[in-house]
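Here are my notebook entries on this structure. Have a look at it first, and then we can go through what I looked up.

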Amino acid sequence: MSFTLSQKEYSSNVKFLLKINQEWHIARARYQVKDLALKHGFGQINLAHLITSLSELSYNLVFHTNNGGTITVSLLFCQDAIGIQLLCIDDGPGITSIKDALTDGFSTNGGLGGGLPGTERLMDEFNIESSSKGTQISCIKWNV
Amino acid sequence: MNIIPILQLQSNLIASIQTELTDEQALAFQSELLEKNSALNTKGIIIDVSMLDVIDSYMAKVLTDLAKMIKLQGSKAVLSGVQPAVASTLVDMGMKLNSIETFLSLDSAFLYLTKEQSGKTKK
């Protein structure tokens, strides 16, 4: 699935900011985003893709960062499409090799190694920047 | 503490996972299931996930690990009730649940296990 929507103008509306540094924050985040997506008519499949991605990003914040991080959840409007953007920010230690991190089966902690590459496939738009000062991931799921 | 009830039905154990598990809960579930399996000498284990609307890579790892451990004990673990949206997400993510057989419903999983067990000579 590829979308050219990002080239078009869309308005964005920040809904809430989720602080995630402990495991139970992940469940809470899931409920909040699920609620928002259902309210705006997301179908079951899009919803599962969005929540799974949120889950993967949150696990990364809990297990791979110094102090956890935040996920900013925004609603996007573009013509008749509604999207949800997850902006995930942490303050380190950063990803040594983004190429490795986006490769299926690569894991530094014995996981399945499908988190980030999976998220990239599940979401319609995916952007990642990382340095030793922190990582910023922005991804969007459109409900069309 | 394990929060997932584990029930015995003939020579099978049935566990229905109702919510996402934390690390600690998953470990507790794992150890109780393995202990019960060995204490009750069960042949099959059905893990029902029909209440889960999300299976992320963490949950997938918990399930595949569990199936491997149960296989080492000489029993067989199967998965039942994978939701349509979950199936789509797992494939799109590239998650492989190779080590665990799956069934549409608890009913078909149970039928399969009992059939398989009646065909085998008792150990």
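How many salt bridges does the rule find across the interface of chain A and chain B? I got 2, taking a salt bridge as a side-chain nitrogen of Lys or Arg within 4 Å of a carboxyl oxygen of Asp or Glu. In one of them D56(B) meets R30(A), with the closest N and O atoms 3.5 Å apart.

Before going on, I noted that this is a predicted model, in which local features need pLDDT of at least 70, side-chain atom pairs count only at pLDDT 80 or more, and totals for chains, interfaces and linings use all residues. Residues are numbered from 1 along each chain as its sequence is written, chains are lettered from A in the order in which they are written, and side-chain values use heavy atoms, leaving out hydrogens and water.

Next I looked up the extent of the interface. I found 24 residues of chain A in contact with 20 residues of chain B (heavy atoms within 4.5 Å). The two chains bury about 1,800 Å² between them, 58% of it on carbon and sulfur atoms; this is accessible area (1.4 Å probe) lost on being put together, summed over both.

Then I turned to the sheet of chain A. I noted an open sheet of 5 strands, in the order β1-β2-β3-β5-β4, with antiparallel pairing; strands (E, at least two residues) are DSSP runs numbered from the N terminus, and two of them pair if DSSP finds at least two bridges between them. Its edge strands are β1 (11-20) and β4 (125-131) of chain A. β4(A) pairs with β5 (134-143) of chain A over 7 bridges.

Conventions
Helices (H or I, at least four residues) and strands (E, at least two) are DSSP runs, numbered from the N terminus.
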